[in-house]
Amino acid sequence: MAKECDCCGRTKHRSEEEYKSLINRLSRIEGQIRGIKGMLENDAYCVDIITQSAAAAAALNAFNKELLSNHIKTCVADDIRAGNDETIDELLKTLQKLMR
């Protein structure tokens with residue numbers, strides 16, 4: 001089910017499979033972040049925390065890759081077919097944000 005975004009008013013309907021996959025990834029990342037917080041609270045060794053933080057960053061990067069791939073295959077492709085070339089500029093700006 002598509003929900004309207006409060007920040008921009010745009011929506012995206014995702015298949016149940018896509019939705020579950022993205023939610024599962026985010027839930028795992030959320031668990032990793034809670035684990036890192038616990039490590040800090042328990043005075044874990046710096047290198048161990050950094051290692052877990054790097055793993056969480058890699059997991060978030062994998063989430064972004066999956067979401068971007070789905071976006072290109074659906075939203076971007078549909079907009080280009082419909083003659084909405086502004087989507088290309090939006091995609092380029094999004095890629096620049098991911099590459100910071």
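Buried means under 20% relative accessible area, exposed means over 50%, and partly exposed lies in between. The exercises below use this scale on a predicted model.

**Exercise 1. Determine which parts of the chain are tied together by the salt bridge between E66 and R25.**

Step 1. The closest N and O atoms of E66 and R25 are 2.3 Å apart.
Step 2. E66 belongs to helix 2 (residues 46-81) and R25 to helix 1, so this pair ties together parts that are 41 residues apart in sequence.
Step 3. With a relative accessible area of 18%, E66 is buried.
Step 4. R25 is partly exposed, its relative accessible area being 26%.

**Exercise 2. Describe the salt bridge between R81 and D78, and state how many helical turns separate the two residues.**

Step 1. In this salt bridge, the closest N and O atoms are 3.2 Å apart.
Step 2. R81 and D78 are three residues apart in helix 2, so about one helical turn separates them.
Step 3. R81 counts as exposed because its relative accessibility is 66%.
Step 4. For D78 the value is 45%, so D78 counts as partly exposed.
Step 5. A search of the whole structure finds four salt bridges; among them are R14 with E18, E66 with R25 and R81 with D78.

**Exercise 3. Are helix 1 and helix 2 roughly parallel or roughly antiparallel?**

Step 1. Two packed helices are described by the angle between their axes and the distance between the axes.
Step 2. The axes of helix 1 and helix 2 come within 10 Å and cross at roughly 165°.
Step 3. That angle makes helix 1 roughly antiparallel to helix 2, because angles over 145 degrees count as roughly antiparallel.
Step 4. The handedness of the crossing between helix 1 and helix 2 is left-handed.

**Exercise 4. Identify the residues of the nonpolar surface patch, and find which helix supplies the largest share.**

Step 1. The patch on the surface is formed by Y19, I23, L26 and L60.
Step 2. Together these residues have about 340 Å² of accessible area.
Step 3. Helix 1 (residues 16-41) supplies the largest share of the patch, namely three residues.
Step 4. I23 is located in helix 1.
Step 5. Patches are made of residues with over 30% relative accessible area. I23 has 36% relative accessibility and so counts as partly exposed.

Methods
Residues are numbered from 1 along each chain as its sequence is written. This is a predicted model: local features need pLDDT of at least 70, side-chain atom pairs count only at pLDDT 80 or more; totals for chains, interfaces and linings use all residues. Side-chain values use heavy atoms; hydrogens and water are left out. Patches are made of residues with over 30% relative accessible area and no salt bridge: like charges are joined within 9 Å, nonpolar side chains (Val, Leu, Ile, Met, Phe, Trp, Tyr) within 5 Å. Accessible areas come from the Shrake-Rupley method with a 1.4 Å probe; for residues, only the protein chains shown count as cover. A salt bridge is a side-chain nitrogen of Lys or Arg within 4 Å of a carboxyl oxygen of Asp or Glu. Helices (H or I, at least four residues) and strands (E, at least two) are DSSP runs, numbered from the N terminus. Buried means under 20% relative accessible area, exposed over 50%, partly exposed in between (1.4 Å probe, protein chains only). Axes are lines fitted to C-alpha atoms, for helices over the stretch in contact, and angles run from 0 to 180 degrees between N-to-C directions. Angles under 35 degrees count as roughly parallel, over 145 as roughly antiparallel, 65 to 115 as roughly perpendicular and the rest as oblique. A crossing is left-handed if the near helix is turned anticlockwise from the far one by less than a right angle, and right-handed if clockwise.
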